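Q: I would like to go over the charged side-chain pairs in this protein. Could we start with the structure itself?

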Amino acid sequence: MTLDYRKERFYFQRDSHIKDTSNSEFGFTATVEGEKAVIRFVSDESLKDKIHHGDEILEVNGIPVGLCGFLASKKDRERSDTLELKLKARNGTDTFKITLKSL
């Protein structure tokens, strides 16, 4: 973001790179795609049949998560040893909950 006071102009260039917003402490990583928090990569073999790349994260520990809330709550997720997620399947409208323990 650039503010040009002399010319009274405001310039904003959006960063289009995908941001990694979590670590794989719970067997997956999450990121932001299209203004939604989604599962990025599932590293825990026991989770690969339950959660998938592209599943949308709707709630974390019972708290609805919009884009800003998801990004802001990263430190809270890192301090917790249990994570309860409400997800929306990538290929439909079905939602489901899953509880994960840190590895």
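This is a predicted model: local features need pLDDT of at least 70, side-chain atom pairs count only at pLDDT 80 or more; totals for chains, interfaces and linings use all residues.

Q: How many salt bridges does a search of the whole structure find?

A: The search returns three salt bridges.

Q: Which residue forms a salt bridge with Lys36?

A: The partner of Lys36 is Glu56, and the closest N and O atoms are 3.8 Å apart. This pair links distant parts of the chain: Lys36 lies in strand E4 (residues 36-42) and Glu56 in strand E5 (residues 56-60), 20 residues apart.

Q: Is Glu56 buried or exposed?

A: Glu56 counts as buried, because its relative accessibility is 16% and the cut-off for buried is under 20%. Lys36, at 39%, counts as partly exposed.

Q: And what does the side chain of Lys88 meet in a salt bridge?

A: Lys88 meets Glu56, with 3.6 Å from N to O. Here too the pair links distant parts of the chain, with Lys88 in strand E7 (residues 82-88) and Glu56 in strand E5, 32 residues apart. Lys88 is partly exposed, at a relative accessible area of 28%.

Q: Which residues are linked in a network, then?

A: Salt bridges link Lys36, Glu56 and Lys88 in a network.

Q: Changing topic: where does Lys48 come in?

A: The side chain of Lys48 forms a salt bridge with that of Glu45, at 3.2 Å from N to O. Lys48 is partly exposed, with a relative accessible area of 37%, whereas Glu45 is exposed, at 59%.

Technical notes
Residues are numbered from 1 along each chain as its sequence is written. Side-chain values use heavy atoms; hydrogens and water are left out. A salt bridge is a side-chain nitrogen of Lys or Arg within 4 Å of a carboxyl oxygen of Asp or Glu. Helices (H or I, at least four residues) and strands (E, at least two) are DSSP runs, numbered from the N terminus. Buried means under 20% relative accessible area, exposed over 50%, partly exposed in between (1.4 Å probe, protein chains only).
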